[in-house]
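Opening the notebook on this one.

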Amino acid sequence: MSDPTAIVSLKDVHKSFGPLKVLDGVSFSVARGEVMAIIGRSGSGKSTALRCIDRFERIDSGTIEVCGHRVDDPQVDLKALRQDIGIVFQSYNLFPHLTVEENITLAPCSVKRVAKAEAKSLARQVLAQVGLEDKLNSYPEQLSGGQQQRAAIARSLAMQPKVMLFDEVTSALDPELTGEVLKVIEALAADGMTMVMVTHEMGFAKGIADRIVFMHRGKVHEAGTAGILSAPATPELAQFVGTGF
Amino acid sequence: MGGDLNINHLEFLGHGALWTLGLSAMALIGGGLFGFVLALARIAPARALRWASGGYIQLIQGTPLLVILFLGYFGLAAIGFDLSPLVAAGASLTIYNAAYFGEIWRGCIQSVPKPQWEAAEGLGLSRTQRMFKVILPQAIRIATPPTVGFTVQIIKNTSLASVIGFVELARAGQIINNSLFKPFLIYAIIALIYFAMCYPISRLSRRLERRMALGRAQPIPA
Ligand SMILES: Nc1ncnc2c1ncn2[C@@H]1O[C@H](COP(=O)(O)OP(=O)(O)O)[C@@H](O)[C@H]1O
Ligand SMILES: [Mg+2]
């Protein structure tokens, strides 16, 4: 489409659930290596925007393009799309019947047909990235929330995605555990990973995001560099930032 | 007539008990296989499959097993299909129990949290891979207690096959009683044999449940 360097781009995206308009003409784009933070009140459509990017929801109108895939095309190759996108949710969603290693090797082995031995060394590599090498043979329920979330991030990384989507990945964690997860995300950013993250951690967003999108009532109400957090142009963002800290 | 219970009677009961086990195995395997297909059909993306399997389950669950047995044996015979009592009983039990397995297992599959589906989908697993590698292994754990519980029902339900002339345990007892006229003694023995078949299964289910819970909590040795 128009911007060849964009990894993710949304143009005039509309999405309703029945009578409820959740996305009302959302446009933004994320360049390679860029970190975008989406902020906004609960219910403003942030999760829905992420879910539309990964095609968990179909949009009503507009276009979404991710790494050359037309996500809004009904014929889009979902398997290829999902290999380019990694998504991590608030509730970790590790597979409880599998060890951490099996959680990680499952997708590379069954989707990419990577050989078992290769997948296992990949698992070690991504676990080292999130600081969990010693948890290879643990089951998810033996891990703390922060460890589970790091393992979930490692599981996504093992598919070697071109862009990572994070949806409030620290919101379910006790405050003392959020730091270890945020540190992993910071390291990813430093490595040049393209990321779109919905977050309530305003200080973190300010520190890490190249660009910030403030969503309000299904629209991109304000967007810009982290500077907009200290000097909001709209009363809605001013109010959100005032209450957000 | 009258007389005392002797070794021949006990042997006859033993035979009946073996047939009860045989019928139960047929009902379990046939009903289980068909029921698994029904459970998958109930949650299939294709509406026609969901509709057909749902209709089947409603229909069978609304029909007494006794009637299904009569239909399978006398009904089919009347229109020219002469089935042996064994085939008629096996088929009827399969048809009947599949409806219950289908519904029990559908519930178990659907009780695996939806985010598990989405996490697997986000990793690029196909629908079949999501089902077989992520959802079913978790559903099996959930399904074990109700399935084993229902197996006990299956064993007891096989006694109905006596109405089409099948000599399983209950019918064997009836036959012996017809000659000995010691109903309390004989039916007490029958009850005991049924109990001896069912109780270990209940025990097994509890052990399995415990072992599964443990297996999840303990690291697997490398
Ligand atoms: N699958 C759904 N069906 C119906 N309504 C939904 C669904 N998903 C989200 N919504 C609604 O859409 C609105 C936006 O939700 P969401 O995108 O999750 O907001 P946020 O992540 O910003 O809190 C909310 O009012 C929510 O209740
Ligand atoms: Mg949300």
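Which residues do ring pairs link into a cluster? I looked that up before anything else, keeping in mind that this is a predicted model. The cluster is made of B:Tyr96, B:Tyr100, B:Phe101, B:Trp105 and B:Phe150.

**Entry 1, rings.** I searched the whole structure and got 11 aromatic pairs over all chains. One of them is B:Phe101 with B:Trp105, a stacked pair with 4.6 Å centre to centre and 20 degrees between the planes. I checked where the two sit: helix 4 of chain B (residues 85-110) holds both, and they are four residues apart, about one turn of the helix.

Buried or exposed, B:Phe101? Its relative accessibility is 1%, so I put B:Phe101 down as buried. B:Trp105 has a relative accessible area of 17% and is therefore buried too; the cut-off for that is under 20%.

**Entry 2, charges over rings.** Next I went to chain A for arginines. A:Arg82 lies over the face of A:Phe56, 5.1 Å from the ring centre. I also found A:Arg155 over the face of A:Phe95, where the distance to the ring centre is 4.4 Å.

In what order do the six strands of the open sheet in chain A run? I read 6-7-8-3-9-10, with mixed pairing. Strand 6 (85-88) and strand 10 (219-224) of chain A each have a single partner strand, so they stand at the edges and one side of each has no neighbour in the sheet. On average, neighbouring strands here are turned by 20 degrees against each other, direction ignored.

Inside that order I picked strand 3 (residues 35-40) and strand 8 (residues 194-198) of chain A, which run parallel and are joined by four bridges. A:Ala37 has A:Met197 of strand 8 as its bridge partner. Helix 1 of chain A (residues 46-53) packs on the sheet and touches strands 3, 6, 7, 8 and 9 of chain A. I noted about 150 degrees between the direction of helix 1 and that of strand 7 (163-167) of chain A.

Strand 1 (residues 6-17) and strand 4 (residues 61-66) of chain A run antiparallel, with five bridges between them. I found A:Val8 opposite A:Val66 of strand 4. A:Val66 also stands opposite A:His69, in strand 5 of chain A. Strands 4 and 5 (residues 69-70 for the latter) of chain A pair in the antiparallel sense over two bridges. Their hairpin has two residues between the strands, and A:Cys67 takes a positive phi near 50 degrees there.

How values were computed
Residues are numbered from 1 along each chain as its sequence is written. Chains are lettered from A and ligands numbered from 1 in the order in which they are written. This is a predicted model: local features need pLDDT of at least 70, side-chain atom pairs count only at pLDDT 80 or more; totals for chains, interfaces and linings use all residues. Side-chain values use heavy atoms; hydrogens and water are left out. Two strands pair if DSSP finds at least two bridges between them. Axes are lines fitted to C-alpha atoms, for helices over the stretch in contact, and angles run from 0 to 180 degrees between N-to-C directions. Contact means heavy atoms within 4.5 Å. Rings of Phe, Tyr and Trp (its six-membered ring) pair if their centres lie within 6.5 Å; planes under 30 degrees apart count as stacked, over 60 as edge-to-face and the rest as tilted. Buried means under 20% relative accessible area, exposed over 50%, partly exposed in between (1.4 Å probe, protein chains only). A charge sits over a ring if NZ of Lys or CZ of Arg is within 6 Å of the ring centre and within 35 degrees of the ring normal.
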